[in-house]
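My entries follow in the order in which I made them.

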Amino acid sequence: GVDAQTGKPCALRIAPLPKGSVVFEEVSSVTFAGVVKQEYAGDRTKPGIIVYHPDVNDDATVREVPFDTRSLARGVLNDVRVGDIVSFNVLHDKPRNKDRATELRISEYVDSDKRIHGIIAHMRMETGIGAIRCIDIDQKIACYHRDLRGPPDVLARVKSGTEVEFNVVVGGDGKLVARRAHTLNRGTVLPVASPSKRFRGVVQVPLPQAPLPMPGGGRGGAGGRQGTAAGQQPGA
């Protein structure tokens, strides 16, 4: 209706509805996979773009869906790069009639072939500064807690020995720094010993036996000089 005093539209015959009757956003029940075409640079008027197939059985149909920081799943940092393979759901904003990605997670990094494995050598949680001991190269790489990603409960207690994979870049000071580091399950980088299991085997090649050192600097065995026995004169 129209308000007689103001001349503006007004609601009439208002009646309550059951909770959940009015929905402003709808999220797809299907999780899609796509490739990042454009990165999000921090301006929602210029969102990032994901390219994907809405129907897995139809490779000819391609769609684009925007994403921003609201799209990221919990624990995912805002550093999604062009070429990253991501999984996501589609959120439909009914009042604006627009779609955007939600629950976005990185499935595979664009530079996954350059990922390096290592373990946290140390991490000072109060400063967020630490170092990673590389497995693939004999070197320690600086790392920052803010660049780590993984389950929230793991990130809250990162410690020496936590296994990670990461990329290496040259920092502003010219030193190597870990970037896009992700925590891994225990045993991914280093084998985990199982003391509860015992195995049996047959020795095929015995360890070489080194000759034992003898008093006087000689060595025992067939080819070594025999030492002098205690309390015995040489040549006796």
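**Glu-165 and its partner**

I began with Glu-165 and, leaving aside its neighbours within four places in sequence, I found it in contact (heavy atoms within 4.5 Å) with Tyr-109, Arg-115, Ile-116, His-117, Arg-180, Ala-181, His-182 and Leu-184. I note here that this is a predicted model, in which local features need pLDDT of at least 70 and side-chain atom pairs count only at pLDDT 80 or more, while totals for chains, interfaces and linings use all residues. Residues are numbered from 1 along each chain as its sequence is written, and side-chain values use heavy atoms, with hydrogens and water left out.

One of those contacts, Arg-115, forms a salt bridge with Glu-165 through the side chains, at 3.6 Å from N to O; the term stands for a side-chain nitrogen of Lys or Arg within 4 Å of a carboxyl oxygen of Asp or Glu. The pair links distant parts of the chain, since Arg-115 sits in the loop between strand E6 (98–108) and strand E7 (116–124) and Glu-165 in strand E11 (residues 163–170), 50 residues apart. Helices (H or I, at least four residues) and strands (E, at least two) are DSSP runs, numbered from the N terminus.

Is Glu-165 buried or exposed? I noted Glu-165 as buried because its relative accessibility is 19%, and buried means under 20% relative accessible area, exposed over 50%, and partly exposed in between (1.4 Å probe, protein chains only). Arg-115 is buried as well.

**Other salt bridges**

I then searched the whole structure, which gave nine salt bridges. Among them, Glu-64 and Lys-37 meet at 2.6 Å, N to O, and this pair also joins distant parts of the chain, with Glu-64 in strand E4 and Lys-37 in strand E2 (residues 32–38), 27 residues apart. Glu-64 is partly exposed, at a relative accessible area of 46%.

I also looked up Arg-96 and Asp-93, whose side chains form a salt bridge at 2.9 Å, N to O. Arg-96 is exposed at 60% relative accessible area, whereas Asp-93 counts as buried at 13%.

**Confidence**

Last, I checked pLDDT, the predictor's confidence in each residue, from 0 to 100. The protein chain averages 81, and 85% of the residues score at least 70. Over residues 220–236 the pLDDT is below 50, and beyond near neighbours in sequence this stretch has eight contacts in the model. Where pLDDT is low, the predicted coordinates should not be read in detail.
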